[in-house]
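User: I would like to learn how to read a structure, one feature at a time. Where do we start?

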Amino acid sequence: MTEMARTAATELEIPGGGQPVLDRLIALLDLEKIEENIFRGVSPAHSPVRVFGGQVAGQALVAAGRTVPEERRVHSLHAYFIRGGDPSVPIIYEVDRIRDGRSFTTRRVIAIQHGKAIFSLSASFQKDEPGIEHAEEMPDGVPAPETLPTLMERAEGYAIGAHSRPRPIDVRYVNEPPWVTRETGERPARNQVWMRADGKLPDQQLLHVCVLTYASDMTLLDSVLARHGVYWDTDKVLGASLDHALWFHRPFRADEWFLYDSASPTASGARGLATGRFFGEDGTLIATVVQEGLLRVL
C-alpha cells in the first residue's frame, strides 16, 4: 500500500477542515496499482454504513484515467450503483480498455468487493479539438459565494449531524437549505449551492475532474426531496444513488468556486430524477449531470 493510500485510511473529517481534510480526499483518489488494469482503493476509517457514491465514482474514474494518455480529457461518464459498498474493506477496480481511437478513448471499470460488482462505469476521453461553441448562461442574481454562510453555519441549531463536521468540499447554499424549507413550507423547484475543494489541488487535470465527480453526488437529490418537504436527517428517508451521468464541457479547476444549479423534473416509483449544471464563477458552463436515486419516504 502506498503512503498516500495509508493516509486515506484515516478519517476524512479532521477538526478545523480546510487543506488537511482535502488532502485526505486526494489520498483517497490516489489508487494503488496492483496489476496491469487493476487498482485498489480504500475508504475513510470512520465511514457511514455504505461507501459514499461520489467516492466510488471518483475512484473508478481515476482507475480509468490512469490507462489513458494525459492529453486526452474526460468528456463524459455513465455509471450504475449496483450494490452498497462496504467501507471496511478495500475496493478493487478492474479496467477494460474498450477502444483507443484517433480522437476518442473508451474505458469500462467494474468496482468489486467480496467477489461481486458494486459499481460499473463507462468513461470516454477525447483529445482537444476546435469546433463550434455555445452554452446556457448562469442564472441571474446569484450572490457571491464569500457572502454566504458555510454549511456548518447553516446547519447550526438543526439536528443535521452529517453537516456539523468539516468536509473536503466547501458548500454554500444560495437558497434556503432543504432542512429549512421543510419547516417554512416552501417547496423550491431548484436547489443552488456554490462549491469548491476546501484547499489547493495539484495541477493535475484528471484529479480536478475526479474531485468534481465526487462533489456531484452531494446535494443533487436534495432538489427531489425539497419538492416534498422532507429531508434525510429529519425524516425517515431511505435513499441511494442508482445511476449517474456527467458530461464535462470545458476545462476548470475544482479548487475554484463553481455554482451547482439543480432541479428535479420528476419523481415516481420510489425513484427521483435530478439534473444539474455546473457554472464557473465567471459564468462559464463547465459540466452537466443527471442522476436517478432511490427515495423511499417511510
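**A buried glutamine**

Analyst: Glutamine 291 is buried, at a relative accessible area of 1%. The model is predicted.

User: Why is glutamine 291 called buried?

Analyst: Burial is read from relative accessible area, and the cut-off is under 20%. Glutamine 291 has 1%, so it counts as buried.

User: Which element holds glutamine 291?

Analyst: Strand 12, residues 285-297.

User: Which side chains make polar contacts with the side chain of glutamine 291?

Analyst: Look for pairs of N or O atoms within 3.5 Å. The side chain of aspartate 217 joins that of glutamine 291 in a polar contact of 2.8 Å. With the side chain of histidine 244, the polar contact is 2.6 Å.

User: What else is glutamine 291 in contact with, leaving aside neighbours within four places in sequence?

Analyst: Besides Asp217 and His244, the list has Leu220, Leu221, Ser241, Asp243, Gly272, Leu273 and Ala274.

User: Now strands. How many bridges join strand 10 to strand 11?

Analyst: Pairing is read from bridges. Strand 10 and strand 11 (residues 271-280) have nine, in the antiparallel sense. Aspartate 261 stands opposite arginine 277 of strand 11.

User: What lies between strand 10 and strand 11?

Analyst: A turn. The two strands form a hairpin, with two residues between them. Glycine 269 is in that turn and has a positive phi of about 60°.

User: Which other strand does strand 10 (residues 258-268) run antiparallel to?

Analyst: Strand 8, residues 190-197, through six bridges. There, asparagine 191 has serine 262 of strand 10 as its bridge partner.

User: How do I read a pocket?

Analyst: Rolling a probe the size of a water molecule over the atoms shows where empty space is left. Here, the second largest pocket holds about 650 Å³ of space. Its lining has 24 residues, and the closest to the centre are Asp128, Phe248, His249, Arg250 and Pro251.

User: What is the lining of the second largest pocket made of?

Analyst: Eight nonpolar residues, eight polar and eight charged. Strand 3 (72-81), strand 6 (116-127) and helix 6 (205-215) each give at least two residues to that lining.

User: One last residue. Is proline 44 buried or exposed?

Analyst: Proline 44 is buried, with a relative accessible area of 7%. It sits in the loop between strand 2 (38-41) and helix 3 (53-65).

User: How far apart are the C-alpha atoms of proline 44 and alanine 27?

Analyst: They are separated by 10.0 Å, and the two residues are 17 residues apart along the chain.

Conventions
Residues numbered from 1 in each chain as written. Predicted model: local features only at pLDDT ≥ 70, side-chain atom pairs only at ≥ 80, totals over all residues. Heavy atoms only, no water. 1 Å grid on protein atoms, 1.4 Å probe; cavity = no way out; pocket = protein on both sides within 12 Å on 5 of 7 lines; lining within 4 Å. Points joined across faces, edges and corners; volume = space filled by probe spheres on them. Helix = DSSP H or I, 4+ residues; strand = E, 2+ residues; numbered from the N terminus. Nonpolar A, V, L, I, M, F, W, Y, C, P; charged D, E, K, R; others polar. Buried < 20%, exposed > 50% of the residue type's maximum accessible area, 1.4 Å probe, protein only. Polar contact = N/O pair within 3.5 Å; in protein donor to acceptor, adjacent residues only side chain to side chain. Contact = heavy atoms within 4.5 Å.
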